[in-house]
Amino acid sequence: MSKYFDKKYNGLMPYTPGEQPRGEENVLKLNTNENPFIPGANVLKAVREKELMDLRLYSDPDCRALNAAIAKSYGVKENCVFTGNGSDEVLAFCFMAFGEKGIAFADMTYGFYPVFANLFNVKAQIIPLRADFSLAPEDYADFNGTVLIANPNAPTGICLDLTQIESLLEQNKDRLVIIDEAYVDFGGESAVSLTKKYENLLIVQTLSKSRALAGVRLGFAIANEALINDLNTVKFCFNPYNINALTQYVGIAAFKEDDYYAYTKNEIIKARTYTAEAMKALGFTVFDSKANFIFAGNHSKISGEEYFRKLRAENIIVRHFDTPRESTYIRISIGTMKQMKRFIEATKTILEEKANA
Ligand SMILES: *Cc1c(COP(=O)(O)O)cnc(C)c1O
């Protein structure tokens, strides 16, 4: 830390992204929930010489064509869409815009929420998940600030249904409920349709997972016009050109190939079912996941930390969170069926070596 760094940042704990190996051969990367499939054909054609020559111009600060493509895809009005540089940026704007009365979120959830709370000086109201890691909407009934829920949740993959989301919205119509649907396309029920009925609902989604575009950095919010205006007010005070021109082209293309992403989603769901069944058969506890990862562990013969290390020695990278409630588990991103077979084979070898040691 330099002597110039503002004192108020003394206690900041930055988010730790999962390892991004560069240049290592034969690494199986199952740690950051990326999509194992390449982006679709429209995306691969979206940026050609013309688009590159247009880079001398600023990108559209209103993202009109992009927001229109998203609005069309979800059947909402164009002024009900806001786009961010990754959904992380959308969430950051939410913390800036809607954090005054504090923001409630689970003790086990996306690790960026407490980081944002810290940075933006928002009071974090931590609501523990139940013993089975389920989230009970009634646990939020007494809180008057903003509620933030990842649905499906990370790292568990457990998903609330729309009735439960509605009960949260009904509990208190004067508070905002933000649903982070980063993983909803892998089998969850999106609450986007409820944004027309509830003016206290804001949905956040991303193209990083189900649309195989983590590197392009594009996320979005869908909510009623007044909430979207608030996000725009913050954005235009911070970074009006938050979505670069190439990302806007790519994003528009990605909303014109839903069939391809539906196909890759189904492949991932098949590989998820295979992986979960195989792990249960090997003696792991596996939570019912509606996301493109599974949370598994609590094995009688191996700790989460040792399992993580032994997989890494086999060139397989998964995620391990070293908190009291999470440390007996690992989170495994779901790849292709071939990749998951390699993962299961490696797991069998690790368990056999433990048994023979
Ligand atoms: C991956 C993830 C995000 C962030 O995605 P971006 O790449 O920034 O769009 C947001 N929320 C959750 C729960 C995630 O897992």
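Trainee: Which helices and strands each supply at least two residues of the largest pocket's lining?
Mentor: Helix H4 (87-98), strand E3 (103-106) and helix H5 (112-119). Helices (H or I, at least four residues) and strands (E, at least two) are DSSP runs counted from the N terminus. This is a predicted model, with local features needing pLDDT of at least 70 and side-chain atom pairs 80 or more, while totals for chains, interfaces and linings use all residues. Numbering starts at 1 along each chain as its sequence is written, and side-chain values use heavy atoms, without hydrogens or water.

Trainee: Which one gives the most?
Mentor: H5, with 6 residues in that lining.

Trainee: What's the volume of the largest pocket?
Mentor: About 1,200 Å³. Of its 46 lining residues, Tyr15, Tyr110, Gly111, Phe112 and Arg319 are the closest to the centre. A pocket here is an open set of points on a 1 Å grid over the protein atoms alone, where a 1.4 Å probe fits, with protein on both sides within 12 Å along at least five of seven lines; lining means an atom within 4 Å of a point. Volume is the space filled by probe spheres on the points, which are joined across faces, edges and corners.

Trainee: And how does that lining split by class?
Mentor: You get 22 nonpolar, 14 polar and 10 charged residues. Ala, Val, Leu, Ile, Met, Phe, Trp, Tyr, Cys and Pro are nonpolar, Asp, Glu, Lys and Arg charged, and the others, Gly among them, polar.

Trainee: OK, on to the second largest pocket: what's its volume?
Mentor: About 300 Å³. There, 16 residues form the lining, and Phe98, Thr146, Asp174, Arg175 and Leu176 lie nearest the centre.

Trainee: Which helix gives the most there?
Mentor: Helix H7 (residues 225-236), with 3 residues. By class, the lining of that second pocket has 7 charged, 5 polar and 4 nonpolar residues.
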